[in-house]
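Biologist: Could you walk me through this one? I'll ask, you answer.

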Amino acid sequence: MPDSAAHSCASDLSRYSRQILFKGIGESGQRNLLAARVTLVGCGALGTVLANTLVRAGIGHIRICDRDFIERDNLQRQILFDEDDIAQHIPKAEAAAAKLRRINPDVTVESVVTDVNHKNIERLADGADLLLDGTDNFETRFLINDLAIKTNRPWVYGAVIGATGLCMTILPGETPCLRCVFETIPPPELNPTCDTAGVLGSAVNIVASIQAIETIKILSGHREAVNRNLINIDAWNARVTNLNVASARETADCPCCKHDTFEYLDGKLGSSATTLCGRNAVQINISTEATIDFARVAKKLEAVASAVKFNKFLLRVNVDDHEITLFPDGRAIVKGTSDEEVARSLYARYIGS
Amino acid sequence: MELNLNGKTEQIQDVQTVADLIGHFDLAVTQVAVELNEELVPRAKFAESILNEGDTVEIVTFVGGG
């Protein structure tokens, strides 16, 4: 079948008829969605569910940014990927975009294979009406938060670990931002990641689906319907609680909302990576004032890594054919790669950032 | 003290304030949001927020995975 016959016309709304019938959206809401643009940061577990849902729903334009390739242990929850993508070594953003274009050719799907950081996030978010969180670390979320507050654009935080997750929609100037509610990044010893504590695909689906609904409300023109609470989801026990965090806008001494400072966007806080020439290694630099508790980090890594060793100077662990050496100030050297994105990804997944 | 904690009735000894409760679970003050009897507790007031018998408490831990 020629392409022109296979593709539906963008003005033909029949694809969305069941969504248009839903009175919360209607035809005008659908047209608003088709005109909307989002930037999705991260296309792993949350990101694939978000992209899948929004592309099927007819978001007009989605820019998908991700730094990783697909591994076998992703397939349990990252719904747009399959064995063929692994065999062909396709980056996540590219594999997702290819699937999504087959699902709904009305939508413009743009893929960018990159590590989202303070140097490129403004460009990656250029033109976006809303920023979506599909990341796997705190640092990038605070970076998104900074940009959203600074440029007065909504963003939707979602995160999951094990069977529990959180979701919060940030409407700058109206609701508290992420740093009003959680001001700092927890230290690595208090910071389980999906790679150290596990994660259930079913929990991811719930969190990302709530993120997608809030996104659809905003972009279809129903901002008044947005849930402004911190939504806490315990999928194992089917328990959802809504924390009314509205007062945090007034009570918190938020660096973004109260002081107009954007420490992550300005590169003053957060990590940077440097390739160590000729050593097949990358150094990760993290700005932290805390001293890392190695005993607790080792305990966190016990289940997933062999031979975690530490003394008072450093902690060393072998994961995925790489050796990570962590220092008390949060700095690390990742051996076995000269690729900064690979090193940053390993740090986020196993140490936590 | 008996508390309704994240939807479950729990007996917790030797806690007087929200800050004590956070410490009891080995959590850091900066990684949680806490609601006491359906009111958000400002982080700066954890140490002075007194817990009473039968209080309803929600502790939400900051999550970074995904």
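Biologist: Is Ile206(A) buried, partly exposed or exposed?

Modeller: A quick caveat comes first: this is a predicted model, where local features need pLDDT of at least 70, side-chain atom pairs count only at pLDDT 80 or more, and totals for chains, interfaces and linings use all residues. Residues are numbered from 1 along each chain as its sequence is written, chains are lettered from A in the order in which they are written, and side-chain values use heavy atoms, with hydrogens and water left out. Buried means under 20% relative accessible area, exposed over 50%, and partly exposed in between (1.4 Å probe, protein chains only). Ile206(A) has a relative accessible area of 34%, so it is partly exposed.

Biologist: And which residues does Ile206(A) touch, not counting those up to four places away in sequence?

Modeller: Ile206(A) sits in helix α11 (residues 201–219) of chain A, helices being DSSP runs of H or I with at least four residues and strands runs of E with at least two, numbered from the N terminus. Contact means heavy atoms within 4.5 Å. On that rule, Ile206(A) touches Ile233(A) and Ala235(A).

Biologist: Let's move to the rings. Why is the pair of Phe142(A) and Tyr264(A) classed as it is?

Modeller: Rings of Phe, Tyr and Trp (its six-membered ring) pair if their centres lie within 6.5 Å; planes under 30 degrees apart are stacked, over 60 edge-to-face, and the rest tilted. There are six such pairs over all chains. For Phe142(A) and Tyr264(A) the centres are 5.4 Å apart and the planes at 55°, so the pair is tilted.

Biologist: How many residues apart are the two partners, Phe142(A) and Tyr264(A)?

Modeller: Phe142(A) and Tyr264(A) are both buried. Phe142(A) belongs to helix α8 (residues 138–150), while Tyr264(A) is in the loop between α12 (248–251) and β9 (271–276) of chain A. The pair links distant parts of the chain, 122 residues apart.

Biologist: What kind of aromatic pair do Trp155(A) and Tyr157(A) form?

Modeller: Trp155(A) is buried at a relative accessible area of 0%, and Tyr157(A) is buried at 0% too. Their ring centres are 6.2 Å apart with 65° between the planes, and the pair is edge-to-face.

Biologist: Which residue of chain B is part of the aromatic cluster?

Modeller: From chain A the cluster takes Phe138(A), Phe142(A), Trp155(A), Tyr157(A), Phe182(A) and Tyr264(A).

Biologist: Which residue lies over the face of Phe142(A)?

Modeller: A charge counts as over a ring if NZ of Lys or CZ of Arg is within 6 Å of the ring centre and within 35 degrees of the ring normal. At 5.2 Å from the ring centre of Phe142(A), the residue is Arg179(A).

Biologist: How much area do chain B and chain A bury between them?

Modeller: The contact takes 20 residues from chain B and 35 residues from chain A. Buried area is the accessible area (1.4 Å probe) that two parts lose on being put together, summed over both. With 60% of it on carbon and sulfur atoms, the total is about 2200 Å².

Biologist: Which residue forms a salt bridge with Asp26(B)?

Modeller: The rule (a side-chain nitrogen of Lys or Arg within 4 Å of a carboxyl oxygen of Asp or Glu) finds two salt bridges across the interface of chain B and chain A. In the one with Asp26(B), the closest N and O atoms are 3.3 Å apart, and the partner is Arg296(A).
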